[in-house]
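Please walk me through this model in the viewer, stop by stop. Tell me what to select at each stop and what is found there.

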Amino acid sequence: MPENKLVRFENIDGVGVVTIDNPPVNALSPGVPEGIIEAIERGNADPAIRAMVLIGAGRSFIAGADIRTFGNRPPPVLGKRAHDALDASQKPVVAAIHGYALGGGFEIALASNYRIAVPSAKVGLPEVLIGIIPGSGGTQRLPRLIGPKAALEMIVSGRHVPAEEAHRLGIIDELAPEGGDLRQAAIAFARGVADTKPLPRIRDHDEKLAEAQADPGMFDAMRKSIARRARGQKAPYHCIQSVENACKMPFDDGIVRERELFNELENSAEARALRYAFFAEREVARLPDIPRETPLRPIKTAAIVGAGTMGGGIAMSFAEFGFPVQLLEIDEDALARGLARIRSTYETSVKRGSLSTAEMERRLGLIEGVGSYDDIAQADVVIEAVFERIPVKEEVFKKLDATMKPGALLYSNTSGIDIDIMANATKRPQDVAGTHFFAPANVMKLFEVVRGAKSALDTLMTAMDLGRKIGKVSAMAGNGDGFVANRSRTPFGTEMIILVEEGALPEQVDKVMVDFGYPIGPFATADLSGLDIGYDSRQRRAAQNPNYRKLPIADHLVEIGRLGQKSGAGWYRYEKGDRTPHPDPEVARIIKDKAAELHIAQRNFTDEEILRRLLFASVNEACKILEEGKAYRASDIDVMWLNGFGFPRYRGGLMYWADGIGVAEIYRQIVQWHQRYGERWAPSSLLRQLVETGTPFRDAKPGGR
Ligand code: T1G
């Protein structure tokens, strides 16, 4: 038998140490499961071996099956799976966990007899996040180990559970000292259990399943509780079904049924789209024109200029990930309001139980309000988050240039103002770039890094890395009006209002997008963020471009004080203290009157036409962005829509969804609308090229090359 380079077996004084070595995360790529099976069988056959340890080389235990192989995975070579070999082992196997034990990796640990871990490790079954279910016994073993209720929560959420919590739950048998020698600790543990008979096997213990007999409604309760967020998806429901099976069937029958449910999903559209999103969010970190080894500037401390809603949310993002952050506001009252808003946001989370009081105090302890630029001069990075007015921005960057220590990074949270305007207000434009957060900044994951004409490579690379360090998904964007994310979204925003001019109602458009998978509709979203924000940017665009297509109905709502939720009325009306949008006949009347005034004929719309008008408009703009080289790849734009605009993840993203319809059909439709509606539907030349060459959006090259 040729030596398996991915799985090593060593006899350490009678303990067989099985090391999985498949960087970067020891995924169960072809050869790894086979190597584990061979090692376990070898240990059982070798009289010199009394017990075994499973451990991962490098930074992690096993992060699960190799996702790259999904859709064309070879059947198990040895006709059995690692967890079968573990179940059959006559000698104890100890899983020694550091880094991650996820998916199939965690299932191997669950099939082992014992689990020890360092406190910083994380375990979990995140399969639902890629549109499948655990397929190697996780849905049958975990409920037997921790009870069906706790198992349901872990499997349906897919969350990564810290080792200390897993220890409290009874998943981890022993916590090894952090920074100690896990391998040695595991070998010692294995020696200690070497003579244990019978060996503890989770599959043999049904006691905890009694919880389901006592509360048979728990499965339907879980189905009900996820109904809103799992709309249109199968995997979460298959997870619940498989755990329910565990409580109603013998172990081996449950395993067979688990595999059947898994096979139903492996190649589903939902699973393929979620896999695409998984890899797109890794690909977005690769910057073709910036060397990976570009040195990063060290960031230990941060400062935010402007304690408004965005500034406060940004400060909270830094505090959440342990960065001391100063919040600068010259006006004392404004600073007090900003700090109070942060505290009340935390208090709401504590009330909801999503944050502990101790954690709130820890984070508040990291946020310091200050009143002068001198106070922040020593910060490693400063992010400006003041009003979106050019003169105000220039003033701030002049002050930062005069105050900040040499080498400090000067970033702007502007959502669309030319970065070079801020850079040119300083004598150190190489240290300036855009770092665009999305509202609410402490919640939305997207972190758009905007490249100025003079931004240095380390300024950009450090920004990309900083985003990841504060729990965001960083994506690079070229400079220009609206950068990439907002620019690609703007035609969607314009088209939705023009549809209303032509006769669709806000509630109809919102229903179409909610049915498509959005958490809430675009008109309700606009009311949430405030209609004055859109109004300001439309005024700015109209001032810059005389041919700009005005939106009189939307402007009129703002001019009569309907600003959205914050004024109790916008596209919808709101009851006092309630955020539920109620269709408002007053809005329908305003729309009718304005359309008549503008001589716009009104008509009925099919849901499909509404969906296409909104999304095709943005697909066309995305092609123009790629054409101009303002984004590296179509999948980056998808990452932005998934993490910045709530695009339904199980649809992969705007461009991935568009590829599902096909370049030719989208082009045909856009050409038709160009003839009907004019210039705003002028097809991008890249789109035409893609049709001519039969190239899908995913392979579109920046600059159309
Ligand atoms: N398969 C293939 N490649 C993987 C991988 C996996 N499972 N996990 C990570 N990678 C690659 C990733 O693409 C990247 O590559 C590099 O590793 C570093 O990852 C039977 C069927 C483990 C928390 O869903 O959540 O088991 O870009 O940048 O931020 O029931 O990766 O460098 O070329 O994300 O430190 C279940 C998926 C599979 C876990 C580390 N497992 N991975 O995060 O690094 S289904 C998962 C993650 C399954 C069984 C079923 C994260 C991580 P590259 P990274 P990170």
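The tour below visits a sheet, the helices lying across it, a helix pair and a cavity in a predicted model.

**Stop 1: the sheet**

Select strands β10 to β17 and colour them separately. The eight strands make an open sheet with mixed pairing, and their order is β12-β11-β10-β13-β14-β15-β16-β17. Looking from strand to strand, the twist averages 25°.

**Stop 2**

Show Val450 and, opposite it in β17, Ala477.

**Stop 3**

Move to β12 and select β11 (325–328) with it. Helix α14 (residues 332–352) lies across these two strands, and runs at about 160° to β12.

**Stop 4: a helix pair**

The axes of α9 and α10 are 10 Å apart, and the helices pack at an angle of about 170°. With angles over 145 degrees counted as roughly antiparallel, that is how α9 is set against α10.

Show side chains for the contact. From α9, take Phe219, Met222, Arg223 and Ile226. They meet Pro236, Tyr237, Ile240, Gln241, Val243, Glu244 and Cys247 in α10. Colour this set by residue class: eight are nonpolar, one is polar and two are charged.

**Stop 5: the cavity**

How many cavities of 30 Å³ or more does the structure hold? There is one. The volume of the largest cavity is about 40 Å³. To find it, select Arg538, Gln539, Ala542, Tyr548, Lys550, Leu551 and Asp555, which line it.

By class, the lining of the largest cavity has three nonpolar residues, one polar and three charged.

Terms used:
Residues numbered from 1 in each chain as written. Predicted model: local features only at pLDDT ≥ 70, side-chain atom pairs only at ≥ 80, totals over all residues. Heavy atoms only, no water. Axes fitted to C-alpha atoms, helices over the stretch in contact; angles between N-to-C directions. Helix = DSSP H or I, 4+ residues; strand = E, 2+ residues; numbered from the N terminus. Parallel < 35°, antiparallel > 145°, perpendicular 65-115°, else oblique. Contact = heavy atoms within 4.5 Å. Nonpolar A, V, L, I, M, F, W, Y, C, P; charged D, E, K, R; others polar. 1 Å grid on protein atoms, 1.4 Å probe; cavity = no way out; pocket = protein on both sides within 12 Å on 5 of 7 lines; lining within 4 Å. Points joined across faces, edges and corners; volume = space filled by probe spheres on them. Pairing = 2+ DSSP bridges.
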